[in-house]
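Student: Please take a close look at one part of this model. I would like the details set out as a connected account.

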Amino acid sequence: MNDGITALYALGLLRGLVGSGELMRRVLAWPAELSRKLIHTGTAGLVVVATLAFEGAEIPILLSLPFVLVNVVAIPRRWIPSMHAIERRSWGTVTFPLAFIALAHSCWLRAPDRLLALQVAFVVMGLADPAAALVGERWGRRTYDLGGGNKSWVGTGAFGLVAWLGTWTALTALSELAGPDRLVLASLVALTTTVAEMVSGRGWDNLVIACVSATVVVTWLEAPQARERLLLAVAFCLIAAVLSLLIGFLQRSGAAAAFLLGFVLLGLGGSDWLVPALTFFVLASVLSKLGRRRKAAARALADKGGRRDAGQVYANGGVGGWLAVASVLWPSPLWHWAFMGAVAAAAADTWGTEVGTFLRGATRHVLSGRPVPPGLSGGVSLGGSVGSLIGALSIGLTVLAFEQDGRKVALAIGLVTAAGLLGAFADSVAGASVQAVYEHPNTGRPTERATSEHGRHRLIRGWRWIDHDRVNLWCTLVGALAALALFWPAVGHG
């Protein structure tokens, strides 16, 4: 049977799954959450079967593209009630085919010997996620929120157990790994995807869970010398997250997100990826603690305090984490330099804010030149600009930890620093134009906080959905893109 005929069967099965979910919702009065889980599990199973039935990845990838576009339009309009008529806004029906396209391209089309990683990813996603939801809804009395929405501890436990069983079964059926290797690899996948599920929400957990599980499997299979590093990453990042929580650098959600990010950087990338991130985190955390009284007025304007939550970890490190994943799925040295630019941008922005608010010098709006309160996004000062330069340079100097060629070191430090400053400048421009700024109802002063004990604040500038975290994410993205542009002529794409 050729792939064209197989595609017709696959489309028919997929249509039957969606139709079954809609039928059960209408005839049996199943809630949309339940019919959605049925379709989710069935589609994941269909993906695994497709990897065995299709001769190549081209047609499955082409079939997935329309589903991304259709669901982007359909979700706000709730066109398919059995998938979209749920109380919470979720982009899961978009991120599901996106995850498949990314992994099908990197683990099937480009490297067919990686097919096991794609299969494991969708076994975990198809079984563990619905299991967590079903168990949590039935028995989940004790709940928590670590940035991925309100979830239950018993549901999280069910996710981890099913993820382990699913991974171990897939490895047993589809690979020739020895028993001890299957045991350890299944445990790594279960642990990391469980944490990913805890700190991800609104459907983005589909993409995170699939990519994390696939990259762990690829690293384990392709780099036996990295297996000890994966285990070391778990221990090191767990200790670091707990210490950061106890010291007060991170909130609980931030500690969980930092564990996952640290594991991705150290476990998948190695010390070349961890050292810059750790340098940024330690220096930024110490800076936030210094001169707190002197910076109190400026901090009162900020959206959040000094203890970083999951949103702040994502904003400063999310781009870097995805670049580490990309470096495994599509190997190229450019990803690492883009990562350096992203971290340098985060450092430049953080140092600029901390130093500028500590010195409390004249601060002006980056676009209009009008005086603004120190600490308000979009404001720049001489002291803050010098702080940004030092922050970006602090990351640039970490090049010394992995680059031995003296002729390349100075150039690399300069380019990383430049990329960081460009990212920080983009942050200031966004903070001055599109970031939401409100008027405090009691004092009449501008603030980035949308609410307080006095109620909801009046928006006076920007868009409500663009908060400080999203501007920081933009900052690191610009830093990464700037580094790509600066390093491309020297590195290329090899």
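Tutor: Cys475 has a relative accessibility of 1% and counts as buried (under 20% relative accessible area, with exposed over 50% and partly exposed in between, using a 1.4 Å probe and protein chains only). The model is predicted, so local features need pLDDT of at least 70 and side-chain atom pairs 80 or more, while totals for chains, interfaces and linings use all residues. Residues are numbered from 1 along each chain as its sequence is written, and side-chain values use heavy atoms, without hydrogens and water.

Cys107 is buried too, at 0%. Its sulfur lies 8.8 Å from the closest cysteine sulfur, that of Cys211, which is too far for a bond. The structure holds 0 disulfides (pairs of cysteine sulfur atoms within 2.5 Å).

Now the helix pair. The axes of H14 (residues 310–329) and H18 (residues 468–491) come within 8 Å and cross at roughly 25 degrees. Axes are lines fitted to C-alpha atoms, for helices over the stretch in contact, with angles from 0 to 180 degrees between N-to-C directions; helices are DSSP runs (H or I) of at least four residues, strands (E) of at least two, numbered from the N terminus. H14 is therefore roughly parallel to H18 (under 35 degrees; over 145 is roughly antiparallel, 65 to 115 roughly perpendicular, the rest oblique). Residues making the contact include Tyr314, Val319 and Leu323 of H14, and Asn472, Leu473 and Leu477 of H18; contact means heavy atoms within 4.5 Å.
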